[in-house]
Amino acid sequence: MTTVENSQLVSGIPWPVIQGGDDEVVYFDDKPWVEMQDLGYTGSYSKVISVDRENRIVIFLYDMAPNTSFPMHQHKCRVLAYTISGEWWYDSREELVEGTTIVEGIGSTHMPQSGDRGFRAFVVLLGERDEEVLLRRQHPQTLETLNMDFDYFERLMTADGPEVCRVTGWPTDHA
Ligand SMILES: [Fe+2]
């Protein structure tokens, strides 16, 4: 991505509104909630907002139902996650409550778990250049290693594929 110099954006004069080609507004109902049915746990719901392969960025809302888990996984990308509601733990560290932001680095592993209220988070995946895989996860029963790549998140965004199930409305009642 390059930044184009604009002679209008200088000190001393009011700046105009400029709409860039990448600017996008995504409303809450524009993308579907889907349940990720391939995890080995029930109750993981995603609303994928954006999959930007060029800039290696995936953005989504994630809901986990009460008292469930997400598989143990390894990060091949950096992750930023802001907890909107509820509470969760991703290992033995302290409780992650509403308003908490976490940054997960490349190579780290953990197994997120929810409490009695479930949780909702706003999540950004910052992928590496020349790396299609974002997360590697282990199925809790078979211990098989499975990759979550840009294609996987695009299938979630369009509710297309055997691992996803479209759901309507608010999938959990913790909000
Ligand atoms: Fe993670």
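Modeller: Start with a sheet. It is open, has four strands in the order β8-β4-β10-β11, and its pairing is antiparallel. The model is predicted: local features need pLDDT of at least 70, side-chain atom pairs need pLDDT 80 or more, and totals for chains, interfaces and linings use all residues. Residues are numbered from 1 along each chain as its sequence is written.

Biologist: What makes β8 and β11 the edges?

Modeller: β8 (109–110) and β11 each have a single partner strand, so one side of each has no neighbour in the sheet.

Biologist: What makes something a strand or a helix here?

Modeller: Both are DSSP runs, numbered from the N terminus: a helix is H or I with at least four residues, a strand is E with at least two. On that basis the protein chain has one helix and twelve strands. The order is β-β-β-β-β-β-β-β-β-β-β-α-β.

Biologist: How do you know that β4 and β10 pair?

Modeller: Two strands pair if DSSP finds at least two bridges between them. Strand β4 (residues 73–75) and β10 have three, in the antiparallel sense. So they pass the cut-off. In one of these bridges, Q74 meets R136 of β10.

Biologist: How many bridges join β4 to β8?

Modeller: Two, and the strands run antiparallel. H73 has H110 of β8 as its bridge partner.

Biologist: What joins β10 to β11?

Modeller: Five bridges, with the strands antiparallel. R137 has L146 of β11 as its partner. The two strands form a hairpin with six residues between them, and L143 in the turn has a positive phi of about 60°.

Biologist: Now the core. Why is it called a nonpolar core?

Modeller: The term means a set of buried Ala, Val, Leu, Ile, Met, Phe, Trp, Tyr and Cys residues joined through C-beta atoms within 7 Å. The largest one has 26 residues, and V34, V48, V58, L134, F153 and L156 have the most contacts inside it. α1 gives the most to this core, with four residues.

Biologist: What makes a residue buried?

Modeller: We count other C-beta atoms within 10 Å of its own, with C-beta atoms placed from the backbone: 20 or more is buried, 12 or fewer is exposed, in between is partly exposed. Of the 175 residues of the protein chain, 26% count as buried.

Biologist: What does V58 touch?

Modeller: Contact means C-beta atoms, placed from the backbone, within 7 Å. Leaving out residues up to four places away in sequence, V58 touches V48, S50, V51, L125, L134 and F153.

Biologist: Which residues of α1 are buried?

Modeller: Y152, F153, L156 and M157.

Biologist: What follows α1?

Modeller: A159, with a positive phi near 50°.

Technical notes
Two residues are in contact if their C-beta atoms, placed from the backbone, lie within 7 Å.
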